[in-house]
Amino acid sequence: MMTSEAPAVARRRAKRTTGGVTLGQDSSREAKRLAAAILEVLAGQRTPAQAAETLAVSLPRYYQLEAAGLRGLLASCEPKPRGRQQNQGAELADLRRQNERLQRDVARQQSLVRLTQRAAGLAAPAPAAKEPGKKARKRKPVARALTVAERLRQEVANTEASTGESGVASA
């Protein structure tokens, strides 16, 4: 009986692709063109001058791009450290939580100091006296937020005018 052949036919492997199925999925079209040209030169299929002409760059620029690609290759071939790595985002979130907790502690301590001063009948400390002879520099009020908002409105109006779209009327 030949029952063992039927499952073998059904279990044929799909053709494997070099580099994996996901190679280049997140890369731009230009990056793929550049990588293909560099690989063709390294394989001896093209000369650097032909690759530079195909990419529409000068020969020195091609050599710069090739060197950058090879540096990237070497960097990705470095051994990865074992174990769980520190996540910068998680560390930042921990520091923010710690900062919020410390700010609450400071506010609590300040209120305890004020209550203790009131209970003891002490006056609140006076603000530091200014040095005589020094004038306080008067600042000209600047509403930076309004200037930025106006610039953003103009940019939106310019893009709407160029594309012909209508948006929400500005206030």
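**A56 and the helices around it**

Biologist: A56 sits in the loop between α3 and α4 (59-77). What makes its phi worth a look?

Modeller: Happy to start there, bearing in mind that this is a predicted model. The phi of A56 is near 60 degrees, a positive value in a residue that is not glycine. As background, most residues other than glycine have a negative phi.

Biologist: Is A56 buried or exposed, and how do you know?

Modeller: The relative accessible area of A56 is 70%. Exposed means over 50%, so A56 counts as exposed.

Biologist: Let's move to the helices that flank this loop. What makes the arrangement of α3 and α4 parallel or perpendicular?

Modeller: Their axes come within 9 Å and cross at roughly 95 degrees. Angles of 65 to 115 degrees count as roughly perpendicular, and therefore α3 and α4 are given that description. On the α3 side, P48, A49, A51, A52 and L55 take part, meeting L59, Y62 and Y63 of α4.

Biologist: And why is α2 called parallel or antiparallel to α3?

Modeller: These two pack at an angle of about 165 degrees, with axes 9 Å apart. The cut-off for roughly antiparallel is over 145 degrees, so α2 is roughly antiparallel to α3. The contact is made by R33, L34, A37 and V41 from α2, together with P48, A51, T54 and L55 from α3. As for handedness, α2 passes α3 in a right-handed crossing.

Biologist: Which residues does L55 touch beyond its sequence neighbours?

Modeller: Leaving out residues up to four places away in sequence, L55 touches R33, L34, A37 and Y62.

Biologist: What makes up the largest nonpolar core?

Modeller: That core has 7 residues: A37, I38, V41, A51, A52, L55 and Y62. To belong, such residues must be buried and joined through side-chain atoms within 4.5 Å, so these 7 residues qualify as a core. The elements giving two or more residues to this core are α2 (29-43) and α3 (48-55). In general terms, nonpolar side chains tend to be buried together in soluble globular proteins.

Biologist: How much of the whole chain counts as buried?

Modeller: Of its 171 residues, 5% are buried, where buried means under 20% relative accessible area. The chain exposes about 16100 Å², and carbon and sulfur atoms supply 56% of that.

Terms used
Residues are numbered from 1 along each chain as its sequence is written. This is a predicted model: local features need pLDDT of at least 70, side-chain atom pairs count only at pLDDT 80 or more; totals for chains, interfaces and linings use all residues. Side-chain values use heavy atoms; hydrogens and water are left out. Buried means under 20% relative accessible area, exposed over 50%, partly exposed in between (1.4 Å probe, protein chains only). Accessible areas come from the Shrake-Rupley method with a 1.4 Å probe; for residues, only the protein chains shown count as cover. Helices (H or I, at least four residues) and strands (E, at least two) are DSSP runs, numbered from the N terminus. Contact means heavy atoms within 4.5 Å. Axes are lines fitted to C-alpha atoms, for helices over the stretch in contact, and angles run from 0 to 180 degrees between N-to-C directions. Angles under 35 degrees count as roughly parallel, over 145 as roughly antiparallel, 65 to 115 as roughly perpendicular and the rest as oblique. A crossing is left-handed if the near helix is turned anticlockwise from the far one by less than a right angle, and right-handed if clockwise.
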